[in-house]
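Open the model in a viewer and keep the selection panel at hand. The tour goes from one chain to the other, one selection at a time.

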Amino acid sequence: MRWMAMALLGLWVVTVQANVEALQFDTPQMEQRYRHLINELRCLVCQNQNLADSNAELAQDLRRKTYEMIAAGKSDEEIIDYMVARYGDFVLYRPPVKGSTALLWFGPFLIFIVAFVLLLRILRRRGKQADVVLSEQEREQARRLLDDNDEDMKR
Amino acid sequence: MNRYMWPLAIFLVLSGLLYVGLGLNPREVPSPLVGKPAPAFTLPNLHEAGKSVSPADFKGQVWLLNVWASWCTSCRAEHQVIVEMVRQHAVPVVGLNYKDEERDAQYWLKRFGDPYVASAVDAEGQAGIDWGVYGVPETFVIDRKGMIRYKHIGPLTTESVQTKILPLLKQLEGETA
């Protein structure tokens, strides 16, 4: 029995470790804000991971920093400003809308509009093209070719 | 004519974008601190217990801040470059010993040479966060007014010192405080 308890305790410790550090929050809202922020902030060292996902040492430090700032009563905005002042927009998983990111935000819509206009034009041009009318001679030729083909198949 | 020009045009545009895009290093995060005042810190001196090191000590000079650690392998190659640079050009380089053990750091400097005018101990990495350090080594160039003018990410090489750091230092030394 005691052995079982020890094993369970060990397992619990492992799962807690694998998760983000066990932290004490004064209110559930604080914890929620913390989880939200570390999901929104990007890990600098690792490509394409947020602070919550990463176990890099800097990510741990920045998680701790986020925790400390929440505990000190800072607002989400203040925390994000703090990070951006040091690491730039790179730390944000949602880059702010501004001049240098305009292409990033609106480029896809632009491409979509261009593609849509092109598609419309192509479709309209196709619609204008009348069905090809074959002359009697051409029909005869086509028929002969098709018959030929049938005989080839029979052989 | 038009029909064949379109795919060609799209191909050329895509090639251009990919050529530029794939040439960028995604690990290089541009620092928002370039052009801003160097963040302050007051940290213990690695060599003299009880004394501290602060960027304010170097106001009026053009100086470098080199972030390093004894656990950082690429710092070792870089270190020889810095030792050589300081020997030849007498540049004031401040070492920021980042998240390291003091004894390891002291031993490291004894063994590989100490090019630093001062070595600050940033055991907790707080100064590192303030300076936007995300990987060691990193090197900052600070002008006479205490502004960060350049950030080099990754180890300095003889080439980057020759082509980037030294010309910049020369330019900054010409500026008045």
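Residues are numbered from 1 along each chain as its sequence is written, while chains are lettered from A and ligands numbered from 1 in the order in which they are written. The model is predicted: local features need pLDDT of at least 70, side-chain atom pairs count only at pLDDT 80 or more, and totals for chains, interfaces and linings use all residues.

**Helix α4 of chain A**

Select residues 76-87 of chain A, which form helix α4(A) with 12 residues. Helices (H or I, at least four residues) and strands (E, at least two) are DSSP runs, numbered from the N terminus. From first C-alpha to last, α4(A) reaches 16 Å, close to the 16 Å expected at 1.5 Å a residue; the expected span is 1.5 Å times one less than the number of residues.

Now show I79(A), M83(A), R86(A) and Y87(A), the buried residues of α4(A). A residue is buried if 20 or more other C-beta atoms, placed from the backbone, lie within 10 Å of its own, exposed if 12 or fewer, and partly exposed in between. Look down the axis of α4(A): its buried residues fall within an arc of 80° (directions from the helix axis to the C-beta atoms), so they line one face of the helix. They pack against α2 (28-40) and α3 (57-71) of chain A, together with α4 (126-130) of chain B. The face turned away from the buried side carries the exposed residues E77(A) and D81(A). Just after the helix, G88(A) takes a positive phi of about 80°.

**Where the chains touch**

The contact (C-beta atoms, placed from the backbone, within 7 Å) takes 11 residues from chain A and 11 residues from chain B. On the side of chain A, α3 and α4 are the elements that give two or more residues.

**Chain B**

Select chain B, with five helices and seven strands. Its C-alpha atoms fill a box of roughly 80 × 40 × 30 Å along the principal axes.

Which bond joins V136(B) and P137(B)? A cis peptide bond, with omega about -5°; P137(B) is in the loop between α4 and β6 (138-142) of chain B.

Go to A90(B), in the loop between α2 (73-89) and β4 (93-98). Its phi is near 50°, positive in a residue other than glycine, and with 8 C-beta neighbours inside 10 Å A90(B) counts as exposed.

End at K99(B), in the loop between β4 and α3 (102-112). Phi of K99(B) is near 45°, and with 20 C-beta neighbours inside 10 Å K99(B) counts as buried.

Methods
Two residues are in contact if their C-beta atoms, placed from the backbone, lie within 7 Å.
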